[in-house]
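Work through these exercises with the model open beside you. Try each task before you read its solution.

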Amino acid sequence: MQVQNKFNQNTKIIGVIGHPIKQSFSPLMHNISFELSGLNYLYLPFDVPPAALKDALKGMNALGIKGFNVTVPLKEKVLPLLKDVSEEASIIGAVNTIVNDEGTLRGYNTDVHGVIESLLPYKDEIAGAKVAVIGAGGAARGVIYALIRTFKVGHITIINRTDQIGESLKEYFSAKMLFTEMKSMPLVPPDLVETFRDSKLIVNTTSMGMYPNVDDSATTIKESFMNGQIVFDVVYNPVKTKLLRLAESQGATIVTGLKMFVEQGAKSYELWTGQKMPIDKVYKAIESYLIS
Ligand code: ATR
């Protein structure tokens, strides 16, 4: 057997930290990209319970780990532990990327970049429009920030299973971004038909519909969707979720989460390596690993 000695004293380590560390396609995406670009980097998953977060960051420094992606439930908790946090990440209140800049840990939110790249083709249509956002977690925060700051939408309805969390998020953005055109409501599909029909853009930011729960959907009521609407799901496996299939069957334009996933990854990659990710090649390579 021939053992390839690919990794050596010059290999730079990148990781994703979260708990539990669910199946993630980030290691696959970044390792493919390192390979394609001939970079001596390796990306690994690390299961870090919240109580160990502080030590994990100390370890990052001690071991010279170059960067982390941060996922549930650490995205919000990590903010006060970093030396420097970008303006967007600080307003959003969530960091998904850490760069170890020679001992200084800097936090960024690249999800916003993924959202912007995904919705850019529809910029003119959504400016000033009514939008429904399903979910009120970390992903929703990035989406709402981009909707207000970049796309200048007219009104946002936050729809969340736990109404109180949706209401708190509404209050948070009203105060932080001085955007008062918001309301929140609970996730009760029959009560939402009118809200959805009244929305130019509907965004699912929850994990509903994600593998293995492919039959979950925020709604199964087909009258919720119609021609002329844009429906965006941040879930990328399956690429076409149950929600997107229903919306498409009703004539709506659909935007899958795969572009957002690759674009947020590409932005993080650039922050760590200083190089552009070969996006088109990476996109094609990971698509074959996902459920269509
Ligand atoms: P993320 O950072 O990916 O957004 P999160 O911060 O844990 O993850 O947020 C998850 C969001 O998805 C929340 O809005 C959650 O609703 P609750 O506030 O009621 O917990 C929502 N969510 C997750 N699973 C859901 C499900 N099966 N049905 C409805 N909403 C769900």
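The exercises cover domains, salt bridges, a helix and a strand residue.

This is a predicted model, in which local features need pLDDT of at least 70, side-chain atom pairs count only at pLDDT 80 or more, and totals for chains, interfaces and linings use all residues. Residues are numbered from 1 along each chain as its sequence is written, and side-chain values use heavy atoms, with hydrogens and water left out.

**Exercise 1.** Describe the interface of domain 1 and domain 2.

*Solution.* 
- Domain 1 is 12-109 + 260-291, and domain 2 is 113-255. These bounds come from an automatic or database domain assignment.
- Find the contact residues. Domain 1 gives 16 residues and domain 2 gives 20 residues. Contact means heavy atoms within 4.5 Å.
- Take the area. The two domains bury about 1,800 Å² between them, with 65% of it on carbon and sulfur atoms. Buried area is the accessible area (1.4 Å probe) that two parts lose on being put together, summed over both.
- Name the main suppliers. Ile91, Met260 and Ile291 supply 37% of the area that domain 1 buries against domain 2, more than any other three residues.
- Check for charge pairs. A salt bridge is a side-chain nitrogen of Lys or Arg within 4 Å of a carboxyl oxygen of Asp or Glu.

**Exercise 2.** How far apart in helix H10 are Glu263 and Lys259, and is each buried or partly exposed?

*Solution.* 
- Start with the pair. Their side chains meet in a salt bridge at 3.5 Å, N to O.
- Count along the helix. They are 4 residues apart in H10, so about one helical turn separates them. Helices (H or I, at least four residues) and strands (E, at least two) are DSSP runs, numbered from the N terminus.
- Glu263 is buried at 9% relative accessible area, whereas Lys259 is partly exposed at 32%. Buried means under 20%, exposed over 50%, partly exposed in between (1.4 Å probe, protein chains only).

**Exercise 3.** How many residues of H6 are buried?

*Solution.* 
- Locate the helix. H6 covers residues 138-149.
- Read the count. Of its 12 residues, 10 are buried.
- Name some. Among them are Arg141, Tyr145 and Leu147.

**Exercise 4.** Is Asn69 buried or exposed?

*Solution.* 
- Asn69 sits in strand S3, residues 67-70.
- Apply the cut-off. Asn69 counts as buried because its relative accessibility is 6%.
- List neighbours. Not counting residues up to four places away in sequence, Asn69 touches residues including His30, Tyr43 and Trp272.

Technical notes. The expected span of a helix is 1.5 Å times one less than its number of residues.
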